[in-house]
Each structure stands twice: as C-alpha cells, then as structure tokens.
Amino acid sequence: MAQYKNPQYPLRIRQEIIDKMKFIAHESSRSANKEIEQACIAYITRYEDKFGEISEEDLEKFFDKLC
C-alpha cells in the first residue's frame, strides 16, 4: 500500500481533458490537481454506492495478489 500520505501518480491524459479539468478547477477555485482528486473521489463514491465499500481488507488482498 501507499507509503506516503500523498504519493505522486503520473497520469497520461489527452490534452483536451487536462484543459477542461483546468477550466473546471478555475471555476471551482481549486488547483487542477485538487479538481482531479475530487473527480476521483466522486467516481469512487459512485462505485461504492453501487457495489459496496472497498475495505482495507479488500485493498490488502488486491495488493497481495499483485506481488
């Protein structure tokens, strides 16, 4: 699992998407990074509403399989 409080994760995203996120971020008085984080949180919330909460145990099992 994550070793750092806020680890960096480089994303490869089309320029048009980044530009639109920057626009939305400006309208929300956020940085583009925080806007992307908020979008991820909203996506995770929708997923968990549909399929149930992703627990720490679920994450541990998932990451154990990767190793």
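Lys20 is partly exposed because its relative accessibility is 47%, where partly exposed lies between buried, under 20% relative accessible area, and exposed, over 50% (1.4 Å probe, protein chains only). The model is a predicted one, in which local features need pLDDT of at least 70 and side-chain atom pairs count only at pLDDT 80 or more, while totals for chains, interfaces and linings use all residues. Residues are numbered from 1 along each chain as its sequence is written, and side-chain values use heavy atoms, with hydrogens and water left out.

Lys20 forms a salt bridge with Glu16, with 3.2 Å between the closest N and O atoms; the term denotes a side-chain nitrogen of Lys or Arg within 4 Å of a carboxyl oxygen of Asp or Glu. Lys20 and Glu16 are four residues apart in helix H1, so about one helical turn separates them. Helices (H or I, at least four residues) and strands (E, at least two) are DSSP runs, numbered from the N terminus. Glu16 is also partly exposed, at 43% relative accessibility. Side chains of opposite charge can pair when their charged atoms come close.

The structure holds five salt bridges. Among them is the pair of Glu35 and Arg30, whose side chains meet at 3.1 Å, N to O. Glu35 is buried, with a relative accessible area of 9%, whereas Arg30 is partly exposed at 38%. Another salt bridge joins Glu57 to Lys61, where the closest N and O atoms are 3.1 Å apart. Both residues belong to helix H3 (residues 56-66) and lie four residues apart, about one turn of the helix. Lys61 is partly exposed, with a relative accessible area of 47%.

The packing of H1 and H2 was examined next. The axes of the two helices come within 8 Å and cross at roughly 95 degrees; axes are lines fitted to C-alpha atoms, for helices over the stretch in contact, and angles run from 0 to 180 degrees between N-to-C directions. H1 and H2 are therefore roughly perpendicular to each other, as angles under 35 degrees count as roughly parallel, over 145 as roughly antiparallel, 65 to 115 as roughly perpendicular and the rest as oblique. On the H1 side, Met21, Lys22, Ile24 and Ala25 meet Ala32, Glu35, Ile36 and Ala39 of H2, contact being defined as heavy atoms within 4.5 Å. Phe23 is placed in helix H1 and is exposed, with a relative accessible area of 56%. The C-alpha atoms of Phe23 and Glu35 are 9.8 Å apart in space, and the two residues are 12 apart in sequence.

Tyr43 lies in helix H2 (residues 32-51) and is exposed, with a relative accessible area of 56%. Tyr43, Ile44, Tyr47, Phe51 and Ile54 form a nonpolar surface patch with about 530 Å² of accessible area together. Patches consist of residues with over 30% relative accessible area and no salt bridge, like charges being joined within 9 Å and nonpolar side chains (Val, Leu, Ile, Met, Phe, Trp, Tyr) within 5 Å. Accessible areas come from the Shrake-Rupley method with a 1.4 Å probe, and for residues only the protein chains shown count as cover.

Pro10 is found in the segment before helix H1 (15-27). Pro10 is exposed, with a relative accessible area of 72%. Between the C-alpha atoms of Pro10 and Lys65, which are 55 residues apart along the chain, the separation is 23 Å.
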